[in-house]
Amino acid sequence: MIELIEVTKRFGSETAVDRLSLRVEKGELCALVGTSGCGKSTTLRMINRLIEHSEGEIHLEGRQVREFDEQTLRRRIGYVIQSTGLFPHWTVARNIGLVPRLLKWPAPRIRERVEELMALLGLPLESFADKYPHQLSGGQAQRVGVARALAADPDILLMDEPFGALDPITRESLQAELRDLQSRLHKTIVFVTHDMDEALALADRLVVMRAGRIVQQGTPLALLREPADDFVASLLGGDDRGLKEAAIIRVAERMQPLSPRLLPRARVHRDATLRQALAVMFREHADRLAVVDDEDMAVGELSLRRLVESRREA
Amino acid sequence: MRREPIGAGGAGGASRLAAWRAPLAWLACLLLLAAGMAWLEPLFRWFQPDTRQVIYPHADFLTLLGRHLLVVGVAALLAVVIGVGAAVLVTRPAGRDFLPLVAQAASMGQTFPPVAVLALAVPVLGFGTWPIIVALLLYGLLPIVRNTLAGLQGIDPSVLEAARGMGMGGVQQLLQVELPLAVPVILAGIRTSVTINIATAALGATVGASNLGAPIISGIVNGNTAYVLQGALLIGLLALAVDSAFERLQRRWISSGIG
Ligand SMILES: Nc1ncnc2c1ncn2[C@@H]1O[C@H](COP(=O)(O)OP(=O)(O)OP(=O)(O)O)[C@@H](O)[C@H]1O
Ligand SMILES: [Mg+2]
């Protein structure tokens with residue numbers, strides 16, 4: 001659990017973070033969004049004390065971060081940055097084993113942990129363990145960055161635009177992997193991103209910042225449905241908000257039982273989003289879809305009317 | 001934690017030795033010439049037929065070479081310790097205020113002519129080897145300080161951010177990340193410093209340090225060009241041998257890690 005109480009950070013006369021209060025529960029993924037320079041990275045870096053806060057209190061598991069020894073604190077918090085910061089003179093395996101080595105784990109345990117993490121992040125040991133960072137693609141390097149952050153099994157993970165420099169396809173697959181990892185590992189994650197779709201897809205709690213302050217926070221759905229002001233509304237996509245909302249609701253949550261009527265030809269997977277269902281309807285000129293499972297067996301149906309109305313009852 | 005790839009044993013050892021071919025060849029030439037200068041007497045006599053003595057007689061060339069190397073080596077060692085040390089100190093948070101001062105002092109060291117340093121050092125340190133070591137030290141400091149600073153400051157800031165963010169201490173970060181990454185640039189600085197000083201060390205002969213400068217000075221004083229040539233040849237070969245050894249070192253460091 002991370003708690004920031006009335007935290008302020010000044011750089012000289014400039015106030016980068018202004019009396020910010022935020023509580024991130026254990027196992028929660030909290031995404032910070034906002035325009036450039038609004039203090040997202042500063043907030044993140046105050047948590048692991050790469051930057052010392054000027055005023056207020058930051059608590060970690062009920063203890064002030066100031067009470068921790070800096071190095072001990074950072075070794076307990078995973079940290080992932082956009083440019084990865086992998087050590088260019090170390091192999092992938094050595095990079096991943098950095099924090100365990102700092103913590104003086106015995107060598108066999110480090111090796112075991114590195115192998116485990118490489119498997120977890122889809123980096124085959126034989127082909128990657130001895131590579132150097134400059135031999136990796138951007139997506140692979142970022143995976144190594146995430147593996148390095150997870151190495152000592154920290155409860156808390158700070159991620160500053162971790163997938164920012166990647167192409168959309170690689171980014172989406174890494175997002176899916178992160179979601180998958182998170183559903184198994186239940187870390188407490190603070191995640192900074194510029195990509196609103198990424199934030200909406202990953203966040204349990206979405207925090208919108210502006211000029212060092214929090215404008216609004218809540219679940220992605222709550223913010224999409226009731227943005228506090230025009231700034232939040234436009235940041236969340238303006239008129240596209242409806243589609244973004246449809247993109248975080250699964251078909252399975254809204255589908256109707258199979259009716260006796262003839263099953264429509266157009267079909268959509270039950271794990272697809274309402275947005276994808278809408279796209280299929282648009283493409284197939286259909287106002288009813290069959291909902292299918294992995295075996296392509298119909299498990300329900302979804303009408304345009306139902307899809308559109310689903311908003312009201314949520 | 002990972003060892004070298006399998007198969008880097010016997011064949012690898014031989015090829016590693018082969019890579020040192022150039023510096024070893026220069027070294028062989030150098031030693032051969034130093035030991036066998038007397039055999040070249042006919043050559044020098046043909047070059048300078050009117051002189052009675054054509055091979056520098058006052059000392060054995062191998063001894064001169066040894067002394068020369070000793071002076072350059074001691075000066076280089078001191079310059080590396082002082083230069084790298086100073087550059088490291090002023091790039092730490094605590095010493096950052098002294099960064100401009102050190103950069104300036106080092107460049108002053110090189111604008112100050114070694115001859116003047118010698119002249120000033122002799123009254124303090126007396127005749128012999130020490131004045132020339134001091135002069136070489138001052139003269140060789142700049143490339144080392146400048147390159148160490150450049151090497152340390154040229155490291156990708158995100159690497160340092162990660163090092164700090166992962167919980168490395170200052171010393172760990174310096175020894176495991178910063179210095180290894182800066183080594184190629186630092187080596188280049190040491191290489192410049194040492195090669196320049198191999199030539200500059202000849203000046204030592206003017207203040208009584210007998211080294212490969214001695215035949216040169218003596219040749220100039222006595223109008224014996226053959227002596228000058230002998231000293232100059234040996235100094236040139238020494239510089240080539242050392243320079244190509246450094247080149248190998250740099251290459252090896254780069255191929256063993258960062259590409
Ligand atoms: N070390 C520093 N020294 C001085 N000012 C700083 C420092 N770090 C950040 N700032 C200032 O604090 C403000 C917030 O910066 P921060 O990096 O937190 O923004 P951000 O929200 O992460 O922006 P971006 O989305 O562009 O990464 C900016 O105005 C920045 O100029
Ligand atoms: Mg930022």
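Buried means under 20% relative accessible area, exposed over 50%, and partly exposed in between (1.4 Å probe, protein chains only). This is a predicted model, in which local features need pLDDT of at least 70 and side-chain atom pairs count only at pLDDT 80 or more, while totals for chains, interfaces and linings use all residues. Residues are numbered from 1 along each chain as its sequence is written, chains are lettered from A in the order in which they are written, and side-chain values use heavy atoms, without hydrogens and water.

**Exercise 1. Find how D153(A) is paired and state the exposure of both partners.**

Step 1. A salt bridge is a side-chain nitrogen of Lys or Arg within 4 Å of a carboxyl oxygen of Asp or Glu. D153(A) has such a bridge to K187(A), with the closest N and O atoms 2.5 Å apart.

Step 2. Helices (H or I, at least four residues) and strands (E, at least two) are DSSP runs, numbered from the N terminus. D153(A) sits in the loop between α7 (138-150) and β7 (156-160) of chain A, and K187(A) in the loop between α8 (168-185) and β8 (188-192) of chain A, so the bridge ties together parts that are 34 residues apart in sequence.

Step 3. With a relative accessible area of 46%, D153(A) is partly exposed. K187(A), at 6%, is buried.

**Exercise 2. Describe the salt bridges R92(B) to E178(B) and E247(B) to R251(B).**

Step 1. The side chains of R92(B) and E178(B) come to 2.8 Å, N to O. R92(B) lies in the loop between α4 (61-90) and α5 (99-111) of chain B and E178(B) in helix α9 of chain B, so this pair joins parts that are 86 residues apart in sequence. R92(B) and E178(B) are both buried.

Step 2. For E247(B) and R251(B), the closest N and O atoms are 3.0 Å apart. Both residues belong to helix α11 (residues 225-255) of chain B and are four residues apart, about one turn of the helix. E247(B) is partly exposed at 30% relative accessibility, and R251(B) is partly exposed at 46%.

Step 3. Over all chains, the whole structure holds 26 salt bridges. A network of salt bridges links E3(A), R23(A) and E25(A).

**Exercise 3. Characterise the interface of chain B and chain A.**

Step 1. Taking contact as heavy atoms within 4.5 Å, 23 residues of chain B and 28 residues of chain A take part.

Step 2. Buried area is the accessible area (1.4 Å probe) that two parts lose on being put together, summed over both. Here it is about 2300 Å², and carbon and sulfur atoms give 61% of it.

Step 3. One salt bridge crosses the interface. It joins E161(B) and R45(A) at 2.7 Å, N to O. On the side of chain B that touches chain A, α8 (157-165) and α9 (170-200) of chain B each supply at least two residues. α8(B) gives the most, with seven residues.

**Exercise 4. State the confidence of the model for chain B.**

Step 1. pLDDT is the predictor's confidence in each residue, from 0 to 100. Chain B averages 86, and 93% of the residues score at least 70.

Step 2. Within chain B, confidence is lowest in helix α1 (residues 10-19), at a mean of 67, and highest in α8(B), at 96. Over residues 1-10 of chain B the pLDDT is below 50.

Step 3. The model scores ipTM 0.87 and pTM 0.86.
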